[in-house]
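Subject: Structure handover

Hello,

Here is the structure I promised to pass on. Please open it alongside this email.

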Amino acid sequence: MKITIEWTYHHKGLETTFRSDEMPPVQALLIAEELKKTGKVKHMTFIDQYDSTWSVKEIKKYLKEIETEPSNVTVYFDGGYDLESQKAGLGFAIYFEQNGKSYRTRKNLMQLGLRSNNEAEYAALYGSILELEVIGVHHQTVRFIGDSQVVINQMSGEWPIYEKELTNWANKIDEKLNQLAIKPEFELVSRKGNEEADRLATQALNNTIIEGKIELD
């Protein structure tokens with residue numbers, strides 16, 4: 001969840017309203033405390049990305065409830081396709097926080113029955129969402145980062161989808177995201193910026209299967 005702070009600043013009979021950028025709830029509470037210390041804040045409201053308002057008490061309760069659940073989730077995904085063998089390699093790395101610690105889980109797999117590299121990219125994205133369900137991610141915003149212009153632009157609504165196969169994948173992805181109440185944020189990066197997921201996809205094509213979770217420093 002991301003929070004925006006809106007507050008009325010009062011000074012010498014003059015009033016004006018300010019609105020912050022979006023930020024995590026913990027950061028919003030800290031900044032709110034600093035603003036209150038000025039003694040010039042007359043009214044303060046916390047607003048989430050769905051335009052719902054929150055009180056300080058409600059935000060603290062929410063943070064307590066999600067303390068043991070994964071949060072601040074970022075997913076890197078990539079798919080590769082070998083035309084000659086008609087095999088697809090799917091790879092994804094998921095970064096998240098839980099119980100005050102940071103983790104990374106990564107996984108790859110080979111998949112048959114796909115027809116193109118674009119389909120492999122969609123399959124990798126879908127696979128990463130299935131893994132989010134396993135981890136226990138739900139009811140939050142998740143960043144999905146990939147180097148496929150087709151997938152990122154189509155899933156974000158920037159480009160139309162004409163191919164039936166890709167439409168089917170997009171529908172499956174939207175259905176799963178809705179089921180988990182995950183709000184996706186899609187981000188396009190270069191292949192170099194997606195090096196970890198790209199390597200996992202290539203390793204899957206080479207029959208090197210990887211799956212693991214580590215705690216990060």
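Below are the main findings, going from the whole chain down to single residues.

**Ground rules**

This is a predicted model, in which local features need pLDDT of at least 70, side-chain atom pairs count only at pLDDT 80 or more, and totals for chains, interfaces and linings use all residues. Residues are numbered from 1 along each chain as its sequence is written, and side-chain values use heavy atoms, with hydrogens and water left out.

**Overall picture**

The protein has six helices and ten strands. These are DSSP runs, numbered from the N terminus: helices are H or I with at least four residues, strands are E with at least two. The C-alpha atoms fill a box of roughly 75 × 40 × 30 Å along the principal axes. Of the 217 residues, 41% are buried. Buried means under 20% relative accessible area, exposed means over 50%, and partly exposed lies in between (1.4 Å probe, protein chains only). Residues 24 or more positions apart account for 69% of them.

**The largest pocket**

The volume of the largest pocket is about 800 Å³. Its lining counts 34 residues, and Met1, Tyr62, Ile66, Ser71 and Asn72 lie nearest the centre. At least two lining residues come from each of α1 (25–37), α2 (56–65), β5 (71–82), β6 (87–98) and β8 (140–146). The terms work like this. On a 1 Å grid over the protein atoms alone, a pocket is an open set of points where a 1.4 Å probe fits, with protein on both sides within 12 Å along at least five of seven lines; lining residues have an atom within 4 Å of a point. Grid points are joined across faces, edges and corners, and the volume is the space filled by probe spheres set on the points.

**Salt bridges**

A salt bridge is a side-chain nitrogen of Lys or Arg within 4 Å of a carboxyl oxygen of Asp or Glu. By this rule there are nine salt bridges. Three are worth a look.

- Glu34 and Lys37 meet at 3.3 Å, N to O. They are three residues apart in helix α1, so about one helical turn separates them. Glu34 is partly exposed at 49%, and Lys37 is exposed at 63%.
- Lys107 pairs with Glu211, with the closest N and O atoms 4.0 Å apart. Lys107 is in strand β7 (residues 101–112) and Glu211 in strand β10, so the pair ties together parts that are 104 residues apart in sequence. Lys107 is partly exposed at 23%, while Glu211 is exposed at 60%. Lys107, Glu131 and Glu211 are linked in a network of salt bridges.
- Glu133 pairs with Lys176, with the closest N and O atoms 2.9 Å apart. Glu133 sits in helix α3 and Lys176 in helix α5 (residues 164–180), so this pair links distant parts of the chain, 43 residues apart. Glu133 is partly exposed at 34%. Lys176 is buried at 11%.

Asp48 is in strand β3 (residues 41–48). Asp48 is buried but has no salt bridge, and the nearest side chain of opposite charge, Lys183, is 8.4 Å away. For charge, Lys and Arg count as positive, Asp and Glu as negative; His and the chain ends are not counted.

Asp147 lies in the loop between β8 and α4 (149–155). Asp147 is buried at 16%. Its side chain makes a polar contact with that of Asn194 (3.3 Å).

Gln98 is in strand β6 and is buried at 16%. The Gln98 side chain reaches the backbone oxygen of Thr68 at 2.8 Å.

**Positive phi**

Most residues other than glycine have a negative phi. His139 has a positive phi near 50°. His139 is in the loop between α3 (117–135) and β8, and is exposed at 58%. Asn207 has a positive phi of about 65°. Asn207 is in the loop between α6 (195–205) and β10 (211–216), and is exposed at 57%.

Best wishes

Key: A polar contact is a pair of N or O atoms within 3.5 Å; within protein, one must be able to donate a hydrogen and the other to accept it, and residues adjacent in sequence count only if both atoms are side-chain atoms. Contact means heavy atoms within 4.5 Å.
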